[in-house]
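Dear colleague,

I am handing over the structure that we spoke of, and I would be glad if you could look through it alongside the notes below. Please open the sequence and the model first.

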Amino acid sequence: MDPAQFVGSLGWLGDEGLVTVSGDQLTMRAGPNSDWFNDPDSGTRLSSAPVFCAAVTEDCQLSANVAVAFASAFDAGVLFVHQTDDDYAKLCFEQAPGGEHMVVSVVTRGVSDDANGPRIDGDTVRLRVSRFRDVIAFHWSTDATTWNLLRYFQLRDPSAQTVLGFLAQSPTGQGCTATFSDISYTSATPADIRDGS
């Protein structure tokens, strides 16, 4: 499946959201208080952010430049991996409470494991999800040439149906717009998981 076919196969997971598709660019709008997060402390489970995605059955990589019109803490544009509402993962370009822009990962296996990554200067970063064999890898890049490993993990049932796609969230704010451009979908997988090559 080439990138255009992948984009053309996308549909909504749950309720429809707001998306504009133009070539290899998606612009998504999340409403107020939108998120996917199973809080390990309070037990609150949220699955209210719009997800535009497609099922995948092959080893593959999905990457995109992610730009976010940040306004509130935890506003984010996200590459999303979903099996069930209790088994999913997010690779986020997110605004921290102090206003910094960061690459953040969330892996949910019943409850969510939330981990901050590097600070990014500016409003754009390239993110990549690799799904291969029984594992998933998250990488990020500022130049789409040098990739940095953020997370390497497995969900609880590697054989379960998996969907990949895009999500916009605004857990504490009044809404957020995220733009995903230069979208790439390929059946390639990393030769070296550590350096991302």
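This is a predicted model: local features need pLDDT of at least 70, side-chain atom pairs count only at pLDDT 80 or more; totals for chains, interfaces and linings use all residues.

Residues are numbered from 1 along each chain as its sequence is written, and side-chain values use heavy atoms, with hydrogens and water left out.

Helices (H or I, at least four residues) and strands (E, at least two) are DSSP runs, numbered from the N terminus, and two strands are taken to pair if DSSP finds at least two bridges between them. On that basis there is an open sheet of 7 strands with antiparallel pairing, in the order S1-S6-S15-S8-S9-S10-S11. Its edge strands, each pairing on one side only, are S1 (11-12) and S11 (111-119).

Within this sheet, strand S8 (residues 76-84) pairs with strand S9 (residues 87-95) in the antiparallel sense over 8 bridges, and Gly77 has Phe93 in S9 as its bridge partner. S9 is in turn joined to S10 by 9 bridges, the two strands running antiparallel, with Tyr88 standing opposite Thr108 in S10. The hairpin of S9 and S10 has 5 residues between the strands, and Gly99 takes a positive phi near 100° there. S10 and S11 also run antiparallel, joined by 7 bridges, and the bridge partner of Val106 is Asp114 in S11. Their hairpin has 1 residue between the strands, and Gly110 in this hairpin takes a positive phi near 90°. Strand S10 (residues 101-109) is mostly covered, with 8 of its 9 residues buried, where buried means under 20% relative accessible area, exposed over 50%, and partly exposed in between (1.4 Å probe, protein chains only).

Another antiparallel pairing, over 5 bridges, is that of strand S13 (residues 135-141) with strand S14 (residues 148-153), in which His139 has Leu149 in S14 as its bridge partner. S13 and S14 form a hairpin with 6 residues between them, and Ala144 in the turn has a positive phi of about 60°.

Turning to the rings, the structure holds 8 aromatic pairs; rings of Phe, Tyr and Trp (its six-membered ring) pair if their centres lie within 6.5 Å, and planes under 30 degrees apart count as stacked, over 60 as edge-to-face and the rest as tilted. The pair of Phe6 and Tyr185 is stacked, because the ring centres are 4.6 Å apart and the planes stand at 5°. This pair links distant parts of the chain, with Phe6 in helix H1 (residues 3-8) and Tyr185 in strand S16 (residues 176-186), 179 residues apart, and both Phe6 and Tyr185 are buried.

Phe166 and Phe180 form a tilted pair, 4.9 Å centre to centre with 55° between the planes. Since Phe166 lies in strand S15 (residues 162-169) and Phe180 in strand S16, the pair ties together parts that are 14 residues apart in sequence. Phe166 counts as buried at 0% relative accessibility, and Phe180 is buried with a relative accessible area of 0%.

Ring pairs also link Trp36, Phe80 and Tyr88 into a cluster. Finally, the charged end of Arg128 sits over the ring of Trp147, 4.3 Å from its centre (the criterion being NZ of Lys or CZ of Arg within 6 Å of the ring centre and within 35 degrees of the ring normal).

With best regards
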